[in-house]
Amino acid sequence: MVINVVSNHLEELARKYALKAIEADRKGLRETAIANYKRAIEILSKIVKLYPNSPFIRVYVSKIREYQERVRYLEGQAVSYETTDLYTYGDLLDVDELIVREKPKITWNDIVDIDEAKRAIKDAIVYPIRRPDLFPLGWPRGILLFGPPGCGKTLLATAVANEIDAVFIHVDAASIMSKWLGEAEKNVAKLFRRSREIAKQGKPVIIFIDEVDALLGVHYNEVGGEIRVRNQFLQEMDGLRSKTLRLHLYVIAATNKPWKLDEAFIRRFQKRIYVKPPDFTARLQLFKYYTRGLKLSDDIDFRELARLTEGYSASDIKDICLDAQIKVVRELFEKHGGVGTPRPISMQDFLEVISKRKPSISSRLLKAYEEWFRAYGAV
Ligand SMILES: Nc1ncnc2c1ncn2[C@@H]1O[C@H](COP(=O)(O)OP(=O)(O)O)[C@@H](O)[C@H]1O
Ligand SMILES: [Mg+2]
């Protein structure tokens with residue numbers, strides 16, 4: 001508690017000096033700017049030293065560097081004063097830069113299993129966009145994908161971008177946060193404002209916020225700011241639901257840590273979809289899918305591979321297949337000077353690769369997701 005208060009205070013102070021510095025800088029008051037940048041640097045360095053585990057360490061460090069650079073620039077330059085590159089400081093998120101311009105190649109067929117999740121996404125987004133007339137009661141605006149890492153949440157959202165003709169805005173929640181303090185909530189507001197503008201021109205807009213738990217500071221509210229970010233986000237989500245707004249504007253959020261989200265936040269997502277880790281059948285399919293382009297020996301027992309990989313994510317299984325392929329390629333280089341073709345991958349190769357790789361989903365973790373799903377799932 002004491003720590004929170006101290007770091008909050010220091011941060012406020014750093015912010016105050018930084019703002020003064022930027023303002024002076026803008027006005028061409030070189031000396032004042034330098035002095036205040038230096039104070040801000042000093043305090044930020046103190047925070048970094050005192051709270052090396054702060055989730056905002058990256059922000060602090062990058063700000064320190066930025067200000068140091070600016071000071072060096074200002075000190076180096078005597079008379080001629082250029083104001084051109086000033087506005088790169090503390091600027092806001094550029095929403096248009098986050099629009100996915102090129103259609104991703106991922107389609108539903110590239111996503112193995114997780115059929116329930118696919119269906120839920122189609123119900124909630126694909127059909128309402130195609131035939132809004134069939135949804136007189138409106139449609140869900142907020143969809144939360146949750147589940148262990150590497151099981152297809154990001155993949156699923158990407159497939160949506162491909163599947164429908166919509167403007168797809170891909171936001172990594174941390175990027176909203178890792179801007180200068182106090183600007184994070186402005187980023188949220190800007191994200192939604194720009195999205196509404198685009199949707200008003202008649203195109204469906206999907207905002208995909210990956211790792212959305214980063215927006216919430218329930219576990220690290222020592223930095224200030226993120227409570228405001230959360231509130232801004234809730235307010236924007238409510239705006240989406242207002243009855244008069246028939247815009248096709250959707251928010252898909254994904255998280256590996258749903259328990260970091262609080263009740264009010266969860267309630268804003270009408271659909272909460274559990275993207276499950278692969279079961280036996282899904283693992284079987286995944287092995288077949290990811291070895292389809294590889295040369296395999298006859299002794300491969302896919303059922304055995306699936307049996308051995310309980311607790312492995314889809315991403316783990318893909319990596320296992322990659323590793324097995326690398327193994328025979330490496331052998332070709334080490335034993336045959338890289339000439340000819342690698343031998344087919346054998347069952348033994350797979351067994352060795354699997355034994356070297358730990359499953360990424362423990363049964364404890366799995367239980368946590370299932371419990372959360374029982375409490376909050378809404379498909
Ligand atoms: N259901 C799946 N089918 C096929 N490949 C998958 C699946 N889930 C994950 N992968 C593979 O693992 C990678 C990481 O998955 P991702 O969707 O980013 O996981 P998450 O967002 O759930 O952490 C994907 O790019 C893909 O190669
Ligand atoms: Mg992801």
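The buried residues of α12 are Ala 314, Asp 316, Ile 317, Ile 320, Cys 321 and Ala 324. Buried means that 20 or more other C-beta atoms lie within 10 Å of the residue's own; exposed means 12 or fewer, partly exposed is in between, and C-beta atoms are placed from the backbone. This is a predicted model, in which local features need pLDDT of at least 70, side-chain atom pairs count only at pLDDT 80 or more, and totals for chains, interfaces and linings use all residues. Residues are numbered from 1 along each chain as its sequence is written, while chains are lettered from A and ligands numbered from 1 in the order in which they are written.

**The chain as a whole**
- The protein chain has 14 helices and 5 strands. These are DSSP runs, numbered from the N terminus: helices are H or I with at least four residues, strands are E with at least two.
- Of its 379 residues, 35% count as buried.
- Take the contacts in the protein chain with a separation of 6 or more: residues 24 or more positions apart account for 81% of them. A contact needs two C-beta atoms, placed from the backbone, within 7 Å.

**Helix α12**
- α12 has 23 residues and reaches 33 Å from its first C-alpha to its last. That is close to the 33 Å expected at 1.5 Å a residue. The expected span is 1.5 Å times one less than the number of residues.
- Its buried residues pack against α10 (280–290) and α13.
- Just after α12, Gly 337 takes a positive phi of about 60°.

**Around ligand 1**
- 16 residues surround ligand 1, and the closest are Gly 152, Lys 153, Thr 154, Ala 314 and Ser 315. A residue is near the ligand if its C-beta atom, placed from the backbone, lies within 6 Å of it.
- Domain 2 (95–277 + 367–376) and domain 3 (280–360) both give residues to the shell, so ligand 1 lies between them. The domain bounds come from an automatic or database domain assignment.

**Nonpolar cores**
- The largest nonpolar core has 70 residues. Such a core is a set of buried Ala, Val, Leu, Ile, Met, Phe, Trp, Tyr and Cys residues joined through C-beta atoms within 7 Å.
- This core also lies between domain 2 and domain 3, because both give residues to it.
- A second, separate core of 19 residues includes Tyr 37, Leu 44, Tyr 51 and Tyr 67.
- Phe 208 is among the residues with the most contacts inside the largest core. Not counting residues up to four places away in sequence, Phe 208 touches Ala 157, Phe 168, Ile 169, His 170, Val 171 and Ile 252.

- Most residues other than glycine have a negative phi.
- Ile 114 has a positive phi, near 35°. Ile 114 sits in the loop between α3 (57–76) and α4 (115–130). Ile 114 is buried, with 25 other C-beta atoms within 10 Å.
- Glu 211 has a positive phi of about 55°. Glu 211 is in the loop between β3 (205–210) and α8 (226–241). Glu 211 counts as partly exposed, because it has 19 C-beta neighbours inside 10 Å.

**Ser 355 in α13**
- Ser 355 belongs to helix α13 (residues 347–356).
- Ser 355 counts as exposed, because it has 9 C-beta neighbours inside 10 Å.
- Thr 309 is 46 residues from Ser 355 along the chain, and their C-alpha atoms are separated by 9.9 Å.
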